[in-house]
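Okay everyone, thanks for coming. I've got one structure to walk you through today, so let me put it up on the screen.

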Amino acid sequence: MSEANGMKYLTPRRPVSEIQREARRSTSAQAVAEIMFVKMAQEQQLDEVTISEHPDLFVQWDENWRGKAGDIVQEGSQLYRSIHDVKDAGQNRKPSESPSMWTPIGNLLEEFPEWVQPIGAHDAYSKGAKTSHGGKKWLSEVDGNTWEPGVYGWAEYVESEKPREAPQELQEGPSGEMEG
C-alpha cells in the first residue's frame, strides 16, 4: 500500500499490463484448444462420448450452413456429422429430418436410424452409412447408395456375441473340496 495526500492506494504486486497480458494469453490458449478439439472431432480422432460432452463448441445448423463430409453441427441439443459435402442450398437438409445426409453423434439409440428413400444423388447414402429397415440393421457397401436395404449395396449388420470365458477346471484342494 502506498499513501499520497493522505489517501491509501493498493499497489498490485505485478504491473497491470503483465496481468492483462496473462489474461489475453489464457483466453487465446482456450480458443486454440477449442479449435483443435473441433478439428480432431471432425477428423474422427475423438470418440462420440467425448464429442457429445462439449456440444457448445460446434456451430448451430441453419439453412445457410455449408461444409464438408465429417463436419459436425448442433441442431437443438443433438450433434450431427455430415455424411456429404454441402456446397449449396439445394444440398442442405435439416439433420434431424435427413438420416441419409447426417449421422447423429452420441445417441446410441440412433446409431442405425430408420432408412429413408433418398430424394436424389445428393441425398444418397455413403459407404459405411448405417440404417435400419424391415426390422434389420444395414451397412452401405457402396458410395452414392440409393437402393433400398436388402436389394443392392447393403450388408446386413449382425451384432457379434461377446466371447464367453472358458470354464475353469475344477481341482481338488488341500481340504478335499473342489476349487476353481
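**A quick walk through the chain**

Let's start with contacts: of those in the chain with a separation of 6 or more, 27% are between residues 24 or more positions apart. Keep in mind as we go that this is a predicted model.

So what's the chain made of? There are 11 strands and two helices.

The chain has 180 residues, and 28% of them count as buried. It exposes about 12,900 Å², with 51% of that coming from carbon and sulfur atoms.

Now for the aromatic rings. How many aromatic pairs do we count? The answer is four. One of them is Trp65 with Trp102, a tilted pair with 5.1 Å centre to centre and 55° between the planes. Trp65 sits in the loop between β3 (59-60) and β4 (72-75), while Trp102 belongs to strand β6 (residues 102-105), so this pair ties together parts 37 residues apart in sequence. Are these two buried or exposed? Both Trp65 and Trp102 are buried.

Another pair is Tyr125 with Trp154, and this one is edge-to-face: 5.3 Å centre to centre, 75° between the planes. Here Tyr125 is in the loop between β6 and β7 (130-133) and Trp154 is in strand β9 (residues 154-157), so the pair links parts that are 29 residues apart in sequence. Tyr125 and Trp154 are both buried, too.

That's my tour, over to you.

Terms used
Residues are numbered from 1 along each chain as its sequence is written. This is a predicted model: local features need pLDDT of at least 70, side-chain atom pairs count only at pLDDT 80 or more; totals for chains, interfaces and linings use all residues. Side-chain values use heavy atoms; hydrogens and water are left out. Helices (H or I, at least four residues) and strands (E, at least two) are DSSP runs, numbered from the N terminus. Buried means under 20% relative accessible area, exposed over 50%, partly exposed in between (1.4 Å probe, protein chains only). Contact means heavy atoms within 4.5 Å. Accessible areas come from the Shrake-Rupley method with a 1.4 Å probe; for residues, only the protein chains shown count as cover. Rings of Phe, Tyr and Trp (its six-membered ring) pair if their centres lie within 6.5 Å; planes under 30 degrees apart count as stacked, over 60 as edge-to-face and the rest as tilted.
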